[in-house]
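User: I'm new to this one and would like to learn how to read it. Can we go through it feature by feature?

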Amino acid sequence: MPEIWLAPLHGLTHYHFRNCLFRHYSGFNAAISPFVPVQETAKLNVRKWKDLAPENNTSVELIPQLMGIIPAHFGDTMNALHQEFGYTRFNWNLGCPMAPIVRKRRGCGLMPFPDEVEAVVAAACRQPYRFSVKMRLGMHSPEEGLEIARRLNQYPLEFVVIHPRLGEQQYAGVPDWNALEELLSVLQHPVIYSGDVFQLADYEILSTRFPQIKTWLLGRGVLRNPRLAEEIQSFASEKDGVSGFNNFCDDKEVLRVGNGEIVRFNEFYEDLKQTLEAYRGANGSLSVLKELWHYFAHFFHFTDEQLHSLLVIPTPDAFDAAAKKLLSSETGKL
Ligand SMILES: Cc1cc2nc3c(=O)[nH]c(=O)nc-3n(C[C@H](O)[C@H](O)[C@H](O)COP(=O)(O)O)c2cc1C
């Protein structure tokens, strides 16, 4: 059976979202948190990182993700997270492609500098924790990723997550699976795959092409269809002849209506909305809900026009009423 992990999506998959998702949908074995910055001991107060607090992460194991480039700060931050919260596994973000991050040589911006990458990994691996890296193919060229893979092979990493795009692509275009194949032939660590698994068919194709990959990190696909992990687990258990995971249903109409999936989505959504509002207030949660609706719209096969008519609504009450109307109607326009 594959392992399915929830991907870090900064601004979206924080603990409120994760907990609602895990209350209503199953199939997840672990999650990686959206990144937090590493810091030196004097500046650290990890108690303020509520997203990582154990009391906010009781259902599925969370691996904190760290962002930074100064080797000594990794030991300080991991020690603090271990002492305060008990964490023993840490992931390093070497893949974020956003311009303000890249400009500071953080995230994917460090990939063209293998010596600096190696300095961080060497320092982190001297600590008594399991350390892993999440990277892309490279910032500007897959050669960068190959060189980093050769460096990473010299250290006892727990795993490497690969999103097979270049940093300069951000999320545009398609992943380069030929380049991934080459990277896999060099990298000697267990690999976790991340990228563009939006439906069961994507998993089927990729798991056939890359049988050595056993763990799948799902991000935007879960936001588009929160039951995607269940579908993959059911498919895999049927294929392996394992009973006990029987959520798979490949008939779209049955899936959408007869199988109670709309009802379940509505319950999940209501829970999420109330949870966000309790934490951020109605106005504060509106922007997060709107961001999420870019993805949820796929679940309902909304047209661009339907999504647009929802996103332009300025007030929480009117937005909520419109979302409810859309949810209760297969084709209705606002
Ligand atoms: C809005 C957004 C925020 C993201 N935040 C993070 C992050 O904090 N850390 C990280 O390693 N990757 C981050 N990613 C990348 C995802 O974890 C994932 O690797 C990428 O979206 C490809 O996988 P997917 O197609 O399953 O979403 C983010 C992606 C998006 C779209």
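Analyst: Helices (H or I, at least four residues) and strands (E, at least two) are DSSP runs, numbered from the N terminus. This is a predicted model, where local features need pLDDT of at least 70 and side-chain atom pairs count only at pLDDT 80 or more, while totals for chains, interfaces and linings use all residues. Residues are numbered from 1 along each chain as its sequence is written, and side-chain values use heavy atoms, with hydrogens and water left out.

User: Which residues of α13 are buried?

Analyst: In general, an α-helix has 3.6 residues a turn, so residues three or four places apart point the same way. In α13 the buried ones are Pro-316, Phe-319, Asp-320, Ala-322, Ala-323, Leu-326 and Leu-327. Looking down the axis of α13, they fall within an arc of 165 degrees, so they line one face of the helix; that arc is taken from the directions from the helix axis to the C-beta atoms. Among the elements covering them are α11 and α12 (304-311), where contact means heavy atoms within 4.5 Å.

User: How are the strands arranged in the sheet?

Analyst: Strands of a sheet pair through backbone hydrogen bonds, either parallel or antiparallel. Two strands count as paired if DSSP finds at least two bridges between them. Here 10 strands make an open sheet, ordered β3-β5-β6-β7-β8-β9-β10-β1-β2-β4, with parallel pairing. At the edges sit β3 (36-37) and β4 (61-63), each pairing on one side only.

User: What joins β10 to β1?

Analyst: There are 4 bridges between β1 (residues 3-6) and β10, which run parallel; Glu-3, for instance, has Thr-215 as its bridge partner in β10. Strand β9 (residues 191-194) is joined to β10 by 3 bridges, also parallel, and Ser-194 has Leu-217 as its partner there. Both faces of β10 (residues 215-218) are covered: Thr-215 and Leu-217 are buried on one side, Trp-216 and Leu-218 on the other.

User: Is Phe-131 buried or exposed?

Analyst: Phe-131, in strand β7 (residues 130-138), has 1% relative accessibility, so it counts as buried. Leaving out residues up to four places away in sequence, Phe-131 touches Phe-74, Met-78, Phe-90, Trp-92, Val-121, Ala-124, Leu-157, Glu-158 and Phe-159.

User: Which residues touch the most other members of the largest nonpolar core?

Analyst: A nonpolar core is a set of buried Ala, Val, Leu, Ile, Met, Phe, Trp, Tyr and Cys residues joined through side-chain atoms within 4.5 Å. The largest one here has 102 residues, and Trp-92, Met-135, Leu-152 and Trp-293 touch the most other members. Helix α11 (residues 261-299) gives the most to this core, 15 residues. Domain 1 (3-240) and domain 2 (253-327) both contribute residues, so the core lies between them. A second, separate core has 9 residues, including Ala-7, Ile-32, Phe-159 and Val-161.

User: How far apart are the C-alpha centres of domain 1 and domain 2?

Analyst: Domain bounds come from an automatic or database domain assignment. The C-alpha centres of domain 1 and domain 2 are 27 Å apart. Their contact takes 18 residues from domain 1 and 19 residues from domain 2.

Methods. Buried means under 20% relative accessible area, exposed over 50%, partly exposed in between (1.4 Å probe, protein chains only).
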